[in-house]
Amino acid sequence: MKTKQTNSLLRMDNTIYVSSTRKFFAEGRGVLLENELYYGEDYKRIPATSIESGTGTEVLPDLYCYTVQIVNIVLVGHPASKEFVLVDAGMPYSAEKIISAIEERFGPDSRPKAIILTHGHFDHVGAIIELVKRWNVPVYAHELELPYLTGKTCYTDPDPTVEGGMVSKMSPMFPVDPINLGNHVKPLPSDGSVPHMTNFRWIHTPGHSPGHVSFFRDKDKALIAGDAFVTVKQEYLYKVFTQEQEISGPPRYLTPDWAASQESVKKLEALKPSFAITGHGMPMEGKLLTDSLRKLVDEFETIAVPEYGKFVDGNEN
Ligand SMILES: [Zn+2]
Ligand SMILES: [Zn+2]
């Protein structure tokens, strides 16, 4: 973990203020207020996409997976009821696409009851500020993820040296600065329930990030796994583009704790999910999912953990 050190130059009241950190402003010495929503200073458009971008899959009548470039969002709720939540918030600059997908499914001017986050990486909160401002709905995340969502802590830098392909090599350009959602973001209830997602419970699945959670519905064994595991080799640009289905651990370039990640995958496999929507890759179900998850647990060291890279060589936490 590190705290952000940057130089910003802002002009106010004809005076030029130079700040070493955002904290300067948060402390009231500048104009940036504690509850002002902002993205990190390294926020940017990421030029990577897939053939599935802009398409949606109805996994179950009330479970819809929509791909934004290289990441998935999930709409939970039956279109007839008009009541739904949005799980995760896509890539930077994708707000218009997300709003269109939602209005196509739920009707004009539809808005979710809440935005629920699996974790706070840039590709899962990329459009969240525009969405929160438009809809004025609460955001929920695990309490251990809140420092990354309230401008306090940066994520660990991605590892471009990790075993893998072009996406890993591109990873230094990925934003890691914390965004600030101020008091719009709240911790998930400690009793395991998920606001506005009746019958789902959240499961703490750390490793990829400290407060990573997955969502599970016991009655039909539907799982929203976030990046706890994914169904595409996310490190390889070609595989990301084609979305070739293949079980994989969490994206390697952004996973600092492999031991915790392994425990999380075991926890999810033990639930024997029938349907899984993951943060990256196409939804998986049935025997393919059962067998793939079993294989991931049995061969975690080979399939998921990279052979080399700073998170496995012990050069960084
Ligand atoms: Zn992630
Ligand atoms: Zn992701």
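I am working on a predicted model, in which local features need pLDDT of at least 70 and side-chain atom pairs count only at pLDDT 80 or more, while totals for chains, interfaces and linings use all residues. Residues are numbered from 1 along each chain as its sequence is written, and chains are lettered from A and ligands numbered from 1 in the order in which they are written.

**Entry 1: helix α2.** I looked up the packing of α2 and found that its buried residues pack against β3, β4, β5 (71-76) and α3 (128-135). I call a residue buried if 20 or more other C-beta atoms lie within 10 Å of its own, exposed if 12 or fewer, and partly exposed in between. The buried residues in α2 are A95, I98, A101, I102 and F106. Seen down the helix axis, these buried residues fall within an arc of 130° (taken from the directions from the axis to the C-beta atoms), so they line one face of α2. The face turned away from that buried side carries the exposed residues E96 and S100. After α2 comes G107, with a positive phi near 100°.

**Entry 2: strands β3 and β4.** I found that β3 (residues 56-60) and β4 (residues 63-68) run antiparallel and are joined by four bridges, where pairing requires that DSSP finds at least two bridges between the strands. In this pair T57 stands opposite C65 of β4, and a hairpin of two residues joins β3 to β4.

Entry 3: I128 touches A89, I115, V139 and L181, when residues up to four places away in sequence are not counted.

Entry 4: I noted N199, with phi near 75°, in the loop between β9 (185-187) and β10 (200-204); N199 counts as partly exposed because it has 13 C-beta neighbours inside 10 Å. K272 has a positive phi of about 50° and lies in the loop between α7 (258-270) and β13 (275-278); with 12 C-beta neighbours inside 10 Å, K272 counts as exposed.

Definitions and conventions:
Contact = placed C-beta atoms within 7 Å.
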